[in-house]
Amino acid sequence: MSTSSGDETMTLDAASERVGIVVRTKDRPAMLARALDDILSQRFEDWRAVIVNDGGDSAAVDRVIAAVRGAARGRISAVHHSDSRGRSAAANIGVQALTGDYVVLHDDDDLWHPDFLAATVDWLDRNPGDGGVVARTEIVYERETATGLEETGRVPFWPALTAITYAELLQVNRFVPIAYLYRRSLHDEVGYYREDVHAAEDWEFNLRVAARHPIGFLGDQVLAYWMQRPNSTGALGNSMFLLESEHEYYDRRIRDEALRAYVAGHGDGLALFLARYVQDEVSRQLDERRTIGQRLVGAARRRWRARRMR
């Protein structure tokens, strides 16, 4: 095992792994231990992992790594940040510390099916034109108990999903990092995760990739588990819930930046037309759902307001 401290990063051994796994963590040693057990349970074994401890207790992280037995311990490294630098910076530090063909973000609270790496690596090996591949995902709800975490239920994530398309990604992110193995070379082509985007960094990166390359989809079997704890706060909380307002803020910010870039190159004609068209179309659809009586009352009120304005 090799580690680093402070804000320094390091690359693992000279030998290049097929898959580089980035594990972002902060003050959740029990979850980190579960995540490493999950990685060690993979049927595919040609991987290296870097744990990015983003401002948490470094000794606790080192103890978790030291507990890994056998040769696998030599495939795990850690980068310790004395202060938190954020989710995007942690992801970038991890990616830059790895040299493999493929990359995946395995956050400390999510899990895989034992065949996840074998299936996704096989897909990308067989489909060289794809930038990455997404596995079917299940949301697993869990709660804190006196003895640890207890599963409380499961639901499919995007159960009707049959493919990953750029058009649908424009609406909303269709996959989460735990389900996505992608080519390391994409970072050389489209750049790294934006460090000024703190809650939607994966979606913004996915948009840049999908605009240039198809993304495959493995839909026959659930291979990734997005663990959620709706009632947890503090260190055990989910970013999905704790950063809900930031997700909304950065979603709007990303869209506004893209719109302004489009207008700068093409003028505001289409943007103005679509803004009014969407407004009118929504109003029309809402009006169709109203009863005849509601429509008549609405029409009478509009005529009354019009007369008052004369």
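This is a short tour of selected side chains, stop by stop.

The model is predicted: local features need pLDDT of at least 70, side-chain atom pairs count only at pLDDT 80 or more, and totals for chains, interfaces and linings use all residues. Residues are numbered from 1 along each chain as its sequence is written, and side-chain values use heavy atoms, with hydrogens and water left out.

**Stop 1: aromatic pairs**

Rings of Phe, Tyr and Trp (its six-membered ring) pair if their centres lie within 6.5 Å; planes under 30 degrees apart count as stacked, over 60 as edge-to-face and the rest as tilted. The count by this rule is nine aromatic pairs. Select Phe 157 and Trp 226. Their ring centres are 5.1 Å apart and their planes stand at 70 degrees, so this pair is edge-to-face. Phe 157 belongs to strand 8 (residues 148–157) and Trp 226 to strand 10 (residues 215–228), so the pair ties together parts 69 residues apart in sequence. Helices (H or I, at least four residues) and strands (E, at least two) are DSSP runs, numbered from the N terminus. Both Phe 157 and Trp 226 are buried. Buried means under 20% relative accessible area, exposed over 50%, partly exposed in between (1.4 Å probe, protein chains only).

Next, select Phe 175, Tyr 180, Tyr 182, Tyr 193 and Phe 205. These residues form one aromatic cluster.

**Stop 2: charges over rings**

A charge sits over a ring if NZ of Lys or CZ of Arg is within 6 Å of the ring centre and within 35 degrees of the ring normal. Show Arg 75 with Trp 47: the charged end of Arg 75 sits over the Trp 47 ring, 4.1 Å from its centre. Then show Arg 174, whose charged end sits over the ring of Trp 158, 4.2 Å from its centre.

Stay on Trp 158. Its place is in the loop between strand 8 and helix 5 (166–171). Trp 158 is partly exposed, at 30% relative accessibility. Its phi is near 50 degrees, a positive value in a residue other than glycine.

**Stop 3: a buried aspartate**

Select Asp 109, in the loop between strand 5 (102–105) and strand 6 (111–112). Asp 109 is buried, with a relative accessible area of 6%. What joins its side chain to that of Arg 229? A polar contact of 2.9 Å. A polar contact is a pair of N or O atoms within 3.5 Å; within protein, one must be able to donate a hydrogen and the other to accept it, and residues adjacent in sequence count only if both atoms are side-chain atoms.
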